[in-house]
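Trainee: Could you go through this one with me? I'd like to ask things as they come up.

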Amino acid sequence: MRKQPMDVDDSTNPRNTLDHGHSTFNRYATKKTLANSSFEIALLVTNAVQLKTLLGNKTTQDALWYVGLSLVCVSLFIQVINACILVLMGTDDISKERRQHRLISLNNFSLILSVLLAIVNVVLNIIVAVDPQILATTINATKLP
C-alpha cells in the first residue's frame, strides 16, 4: 500500500467560515497541542499537591506510602517526557511533507504516554484518597486553631 501525502491545502475551505478561510492543518495541530499542554499543567499541579500531601505525612511510612510516592515520581517523569514531545510537536510544521511521518510518530508516542499517565494517576488518586491516615494528618495539620 502506497503512502499518500497529507493534503494540507486549505483552498477548499469556504471564505464564509468562522475564521474566514484562514484555517490550516498546522494551526489546528498547534492549537490542539496547546490545549493538551494546558491539561498537562493542571495534572502537574495536582501531582505537586499529592507530593506535598505524601511528604507532609512522614509519620506513617508504610508500603502504601512508598507506592504513592513512587507513583507520583513516575507520573511527574512521564509528564516531563510528554511535555518535551508536545513542545517538539508544537514547534514543527505538519504542512511539510518530509516532517509528517516524524510528527505522526511523535503524536502516537504522546498518546501512549497520555494513556499511561492517566492510568498511573487513577491508581495514585485511589491510593492517596483511600488511605485515611494520609488525609487525616494532612487535614489536621492545616486546621486553624
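Trainee: Where does Val 123 sit?

Mentor: In this model, which is a predicted one, Val 123 has its place in helix α3, the helix that covers residues 97-130.

Trainee: Which residues make the nonpolar surface patch?

Mentor: Val 123 makes that patch together with Leu 111, Val 115 and Ile 119, and the patch has an area of about 350 Å².

Trainee: Changing topic, how many aromatic pairs are there?

Mentor: Searching the whole structure gives one aromatic pair. The partners are Trp 65 and Tyr 66, whose ring centres lie 5.0 Å apart with the planes at 85°, and therefore the pair is described as edge-to-face.

Trainee: Why edge-to-face, though?

Mentor: Because the angle of 85° between the planes falls in the range over 60 degrees that carries this name.

Trainee: What about disulfides, how many does the structure hold?

Mentor: The number of disulfides in the structure is zero. As for cysteines, Cys 73 is partly exposed at 44% relative accessible area, and Cys 84 also counts as partly exposed, at 45% relative accessibility.

Trainee: Remind me, what is a disulfide?

Mentor: It is a covalent bond that links the sulfur atoms of two cysteines.

Notes: Residues numbered from 1 in each chain as written. Predicted model: local features only at pLDDT ≥ 70, side-chain atom pairs only at ≥ 80, totals over all residues. Heavy atoms only, no water. Phe/Tyr/Trp six-rings, centres within 6.5 Å; stacked < 30°, edge-to-face > 60°. Patch = residues over 30% accessible without salt bridge, like charges linked within 9 Å, V, L, I, M, F, W, Y side chains within 5 Å. Areas by Shrake-Rupley, 256 points an atom, 1.4 Å probe, with all protein chains shown as cover. Salt bridge = Lys/Arg side-chain N within 4 Å of Asp/Glu carboxyl O. Helix = DSSP H or I, 4+ residues; strand = E, 2+ residues; numbered from the N terminus. Disulfide = S-S within 2.5 Å. Buried < 20%, exposed > 50% of the residue type's maximum accessible area, 1.4 Å probe, protein only.
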